[in-house]
Amino acid sequence: MMFRRFKMIMFSLVILLCFTNMTCDSDGEIIEEATSCDFKTIVDRTVFHDLESDNFNFVDAQITGDCLSITFGASGCNGESWAFKLVDSEAVTKSIPGQRSLKFQLENKELCEAYFEKTVSFDLTPLQLPGDHEVLLNIQGLSKSLSYKY
């Protein structure tokens, strides 16, 4: 009788967790839900150092939840062929809070002279520091640091 009650409580707990920011696979195992950001942030020292970008202007950058939204402008035909990356250097300062250095890359092969603005978002969860709840993000070319609290 006691085992049956325990089993029922555990089953209810698993079902409850499945409906809170997580999903379950067909076997009932809990899987983390994907973020609603457009792209993943890359954490790679070599890619960071080798990264080159086509010209663009930052318009705005803000953090909402675990997503960094970057609005930028660049010349082009319509901006539909543009490709984007946000790359972290892997280095973390020993300040409080810790700080990370990042680069935003725009790959723009469009040869038109019109100007377009676009907003893209990046998942910041790979930048979280164990044991901390905040990290400052220093994005090359952006005039201010951004505080990512998690």
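**Entry 1, Glu110.** I started with Glu110 and found it buried, because its relative accessible area is 12% and the cut-off for buried is under 20%. I am working from a predicted model, by the way. Glu110 belongs to the loop that runs between strand E8 (98-107) and strand E9 (114-123).

Which residues does Glu110 touch, leaving aside neighbours within four places in sequence? I listed Gly76, Cys77, Asn78, Gly79, Glu80, Ser81 and Trp82. Gly76 is 34 residues away along the chain, yet its C-alpha atom is 4.9 Å from that of Glu110. I also noted two polar contacts of the Glu110 side chain: one with the side chain of Ser81 at 2.8 Å, and one with the side chain of Trp82 at 3.5 Å.

I then turned to the rings and counted 12 aromatic pairs. Phe56 and Phe104 form an edge-to-face pair, since their planes stand at 80°, with centres 5.1 Å apart. Phe56 is in the loop between helix H2 (45-50) and strand E5 (57-64) and Phe104 is in strand E8, so this pair ties together parts 48 residues apart in sequence. Phe104 is buried, with a relative accessible area of 5%. Phe72 and Trp82 make a tilted pair, with planes at 40° and centres 5.6 Å apart. Both Phe72 and Trp82 are buried. Ring pairs link these residues into a cluster of Phe39, Phe56, Phe58, Phe72, Trp82, Phe84, Phe104 and Phe122.

Last, I checked pLDDT: the chain mean is 84, and 77% of residues reach 70 or more. Residues 1-33 fall below 50. Where pLDDT is low, the predicted coordinates should not be read in detail.

Technical notes: Residues are numbered from 1 along each chain as its sequence is written. Side-chain values use heavy atoms; hydrogens and water are left out. Helices (H or I, at least four residues) and strands (E, at least two) are DSSP runs, numbered from the N terminus. Buried means under 20% relative accessible area, exposed over 50%, partly exposed in between (1.4 Å probe, protein chains only). Contact means heavy atoms within 4.5 Å. A polar contact is a pair of N or O atoms within 3.5 Å; within protein, one must be able to donate a hydrogen and the other to accept it, and residues adjacent in sequence count only if both atoms are side-chain atoms. pLDDT is the predictor's confidence in each residue, from 0 to 100. Rings of Phe, Tyr and Trp (its six-membered ring) pair if their centres lie within 6.5 Å; planes under 30 degrees apart count as stacked, over 60 as edge-to-face and the rest as tilted.
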